[in-house]
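Hello,

Here is the structure I promised to pass on. Please open it first, and then read my notes below.

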Amino acid sequence: MNTEKLEYFRGILQEEKRSLLEEAGRTVSEMTSDTTNFPDPTDRATQESDRTFELRIRDRERKLIVKIQEALARIEAGTFGICEVCEEDISEARLKARPVTTLCIDCKMEQEKKERFR
Ligand SMILES: [Zn+2]
């Protein structure tokens, strides 16, 4: 992959990371600034399940941030866009749709097939 394309993907990844971090930061500050007391136990239960939901979202975001960082590291290392299983180039269309991917479409399908049978 040429430098121009690598820069293009680097831009996408950095932008995605930035917005994820921004989002995560906002959720945290909303949660910590929330000091309202809920005398009604029903309200409290609702509030707690909201938090569980938020924490799950943040867990997913955190994993995605890790994937983005790994993708950025692969750009640095010069292995970005190469399938980690068969070492063929991953199609650009696939990378555009999912820049953090480490598998070409064939290997991904193979992996999903195996997961389904497990
Ligand atoms: Zn592959």
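How do the side chains of arginine 10 and glutamate 7 meet? They form a salt bridge, at 3.0 Å from N to O; the term stands for a side-chain nitrogen of Lys or Arg within 4 Å of a carboxyl oxygen of Asp or Glu.

Before I go on, some ground rules. This is a predicted model, in which local features need pLDDT of at least 70 and side-chain atom pairs count only at pLDDT 80 or more, while totals for chains, interfaces and linings use all residues. Residues are numbered from 1 along each chain as its sequence is written, and side-chain values use heavy atoms, with hydrogens and water left out.

Back to the salt bridges: a search of the whole structure finds 9. Arginine 10 and glutamate 7 are 3 residues apart in helix H1 (residues 3–33), so about one helical turn separates them. Helices here are DSSP runs of H or I with at least four residues, strands are runs of E with at least two, and both are numbered from the N terminus. Glutamate 7 has a relative accessible area of 39%, so it counts as partly exposed. For accessibility, buried means under 20% relative accessible area, exposed over 50%, and partly exposed in between, with a 1.4 Å probe and protein chains only.

Helix H1 also holds arginine 18 and glutamate 15, again 3 residues apart, about one turn of the helix. Their side chains form a salt bridge of 2.9 Å, N to O. Arginine 18 is partly exposed at 42%, and glutamate 15 is partly exposed at 42%.

In helix H4, lysine 108 and glutamate 112 are 4 residues apart, about one helical turn. Glutamate 112 is partly exposed, with a relative accessible area of 35%. Salt bridges that share partners also join Glu7, Arg10 and Glu76 into one network. As for lysine 108 and glutamate 112, the closest N and O atoms of their salt bridge are 3.9 Å apart.

Now to the metal site. Which residues hold the zinc ion's protein donors? They are Cys83, Cys86, Cys104 and Cys107, each through SG, lying 2.2 to 2.4 Å from the ion. Donors are N, O and S atoms within 2.8 Å of the metal (3.2 Å for Na, K and Ca); water is not among the atoms, so sites may look incomplete. The 4 donor atoms subtend angles of 104 to 116°, so the arrangement is tetrahedral, a label that requires all angles of four donors to lie between 85 and 135 degrees. Along the chain, the spacing of the donor residues is C-x2-C-x17-C-x2-C. Cysteine 86 sits in the loop between helix H2 (41–77) and helix H3 (92–97) and cysteine 107 in helix H4 (residues 105–117), so the pair ties together parts that are 21 residues apart in sequence. Cysteine 86 is partly exposed at 34% relative accessibility, whereas cysteine 107 is buried at 15%.

An unreviewed UniProt entry annotates residues 83–107 as "zinc finger region: dksA C4-type"; such annotations may be inferred rather than shown by experiment, and positions follow the numbering used here, with feature names shortened. The end C-alpha atoms of residues 83–107 lie 8 Å apart, and the span is 36% helix and 0% strand.

Finally, glycine 81 lies in the loop between H2 and H3 and is buried at 5% relative accessibility.

Best wishes

Conventions
Tetrahedral: all angles 85-135°; square planar, octahedral: opposite > 155°, others 65-115°.
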